[in-house]
Amino acid sequence: MAALDLQRARARHRAYGGSFDTALLELDLVDGAALRLSLAECSGLVVPPPETPWLDRPPALATHLMDEPVSRRLWALSVDRQADRLLLAVAPNADLDTLAEWALREHACSARFALLPELTFQALLARVHGTTMPGRFLRLAARRPAEVGIAGYGTRPDRPVAWRRPIAPPPAETGPTVVLPEPQSEPDIDVTEDLTETGFATPTSLTGIVMVEPPEPITVVSPGTLAGLIEQALETAPGDAERPARLAALRPHLATAELVLVLADWRARAATAGLDARPAITALAEVRDAGAIPDLIAAMDAPDPMVAEAARAALRTITLQDFGGSRWRWTLWWRTWGKKHRVEWLLEALDAPDADRRVQAASELEAISGIYVGYHFDLGKR
C-alpha cells in the first residue's frame, strides 16, 4: 500500500472513528480476503472465513448469553458455548481482557475469540438482534457487498457479483537478498546515539575528526520547497495520476507571491475558455482557489460543453455547493458568501443534505486545522 493511501486511511479513521479496517474498505484500498489475512496476522486471533456456518445462522443462545446493550458496549457477540468455554465473535476495537473478565464473571467460563472485520461484525450484530446496521455500514455494504460475508447483507462465494471484478491480493515481493556490510570500526572516534531515540547511551566524546572543506554548492530546486512544489505541479501533465496530489500540496500556499502569479494565469485561461481551459480549471479546483469563483462562473457559458461541465465541477468542489448549471444562482451565492472565508463555507457544508459533501467538508476542515472534534457525517445535526 502506498504511503499516500495509508495517510488517507489514517485521516479518515481519525475523522469518522470506528475501526481502521473500515476506513481501508471505504477507500477501496483492500479486499475482503487480504483484510482477513491482515487481521489474523496482526492480532494473532482466528479470523473465520466467510463460509463459517454461524455467520449465516447464529445460534439461538447468542441473545441469551449476551444481550444487545452488552454486545454494543463490548463489541462482541456470543456465538457458541462448549463445556466451560464461550466463543465470542469480536470486532477489531474490542477489549479482549474486558471480555475475558465478563465471561468469567457472568458465565463462570473462559472465552475464546473469533475476530471479524467491523463491517461483518455490524451485519452479524444486526442479524442476531433484529436491528438495522448504522447508515455508514449500510452504504458500505451496498457498495461492496462481497466484503460483508453474511447472507442477506452481502454475496456468498457461491453467488459472485457479476459486476464486481475481484481484487487480487498484491503479489509477494521477490528479489535477491541484500546483505549490508558490517560497519568499519573507527578506533579514534567514540560515537554513540541518543538514549531518547534508540535506547543507547548519550554521546561522550568525539575525537580524531578531520574537517573537510565542503564542495561548491550546486543550485538545485528542492521538491520540498514551494518553488519545487510549483515546478512539480506545472510539469505534471493533465491526466497524470500524481497531478491531483501535487496540486493539493499547494493549498497551504495560496497567498504567497510565487503562487499568486500561477493562479492568475490559471484564472485567465479558465475565463477565456480556450483549448487549455480545462487543465487550468481542474488545477484551480485541486488547489481550492476560492478567488477563482467569478472566472469559473464565467466559464460555465463556454461553447465547449466539456469546459462548461469542468467549470461546474470545479465550483462544486471549491464551494461545496451545488446549483447545477444555473449561473444566476451561482452569482447570487457568490455575492452573499464571497466576502466570507472559505472555512465558513466548509462549516456550512457540514449540514449539507449530500453525505459526500459533508465528508469532504469534514476532511478538509481537519486537514486545515489539524484538529478532530468528533464530527460524524452520518449522524443527526445534534
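This briefing describes selected features of the structure shown above, grouped by topic.

The model is predicted, so local features are reported only at pLDDT of at least 70 and side-chain atom pairs only at pLDDT 80 or more, while totals for chains, interfaces and linings use all residues. Residues are numbered from 1 along each chain as its sequence is written, and side-chain values use heavy atoms, with hydrogens and water left out. The structure holds five aromatic pairs, and a search of the whole of it finds zero disulfides.

**Aromatic pairs**

- A pair of aromatic rings is described by the distance of the centres and the angle of the planes.
- Rings of Phe, Tyr and Trp (its six-membered ring) pair if their centres lie within 6.5 Å; planes under 30 degrees apart count as stacked, over 60 as edge-to-face and the rest as tilted.
- The structure holds five such aromatic pairs. One of them is formed by Trp75 and Phe121, whose ring centres are 6.1 Å apart and whose planes stand at 40°, so the pair is tilted.
- Trp75 lies in the loop between helix 6 (68-74) and strand 1 (76-82) and Phe121 in helix 8 (residues 118-129), so the pair ties together parts that are 46 residues apart in sequence. Helices (H or I, at least four residues) and strands (E, at least two) are DSSP runs, numbered from the N terminus.
- Trp75 is partly exposed, with a relative accessible area of 25%, whereas Phe121 is buried at 0%. Buried means under 20% relative accessible area, exposed over 50%, and partly exposed in between (1.4 Å probe, protein chains only).
- The rings of Trp333 and Trp337 have centres 6.4 Å apart and planes at 10°, so this pair is stacked.
- Trp333 and Trp337 are four residues apart in helix 17 (residues 327-337), a separation of about one helical turn. Both Trp333 and Trp337 are buried.
- One aromatic cluster is formed by Trp333, Trp334, Trp337 and Trp345.
- The charged end of Lys340 sits over the ring of Trp337, 4.1 Å from its centre. A charge sits over a ring if NZ of Lys or CZ of Arg is within 6 Å of the ring centre and within 35 degrees of the ring normal.

**Cysteines**

- A disulfide is a covalent bond between the sulfur atoms of two cysteines. In the search, a disulfide is a pair of cysteine sulfur atoms within 2.5 Å.
- Cys42 counts as exposed, at 74% relative accessibility, whereas Cys109 counts as buried, at 3%.

- Strand 1 and strand 2 (residues 85-90) pair in the antiparallel sense over six bridges. Two strands pair if DSSP finds at least two bridges between them.
- Asp80 has Leu87, in strand 2, as its bridge partner.
- Two residues lie between strand 1 and strand 2 in this hairpin, and Ala83 in the turn has a positive phi of about 55°.

- Helix 16 (residues 305-319) has 15 residues and reaches 21 Å from its first C-alpha to its last, close to the expected 21 Å. The expected span of a helix is 1.5 Å times one less than its number of residues.
- The buried residues of helix 16 are Val307, Ala308, Ala310, Ala311, Ala314, Leu315, Ile318 and Thr319. They cover an arc of only 160° around the axis, which puts them on the same side of helix 16. The arc is that of the directions from the helix axis to the C-beta atoms.
- Helix 13 (residues 257-272) has 16 residues and reaches 23 Å between its first and last C-alpha, close to the 22 Å expected.
- Leu259, Val262, Leu263, Trp266 and Ala270 are buried in helix 13. Seen down the axis, the buried residues of helix 13 fall within an arc of 100°, so they line one face of the helix.
- Ala257, Leu261 and Thr272 are exposed on the other side of helix 13.

**Positive phi in loops**

- Asp28 is found in the loop between helix 2 (20-26) and helix 3 (32-43). Its phi is near 55°, a positive value in a residue other than glycine, and Asp28 counts as partly exposed at 43% relative accessibility.
- Ala108 lies in the loop between helix 7 (96-107) and strand 3 (110-115). Although Ala108 is not a glycine, it has a positive phi of about 55°, and at 62% relative accessibility Ala108 counts as exposed.
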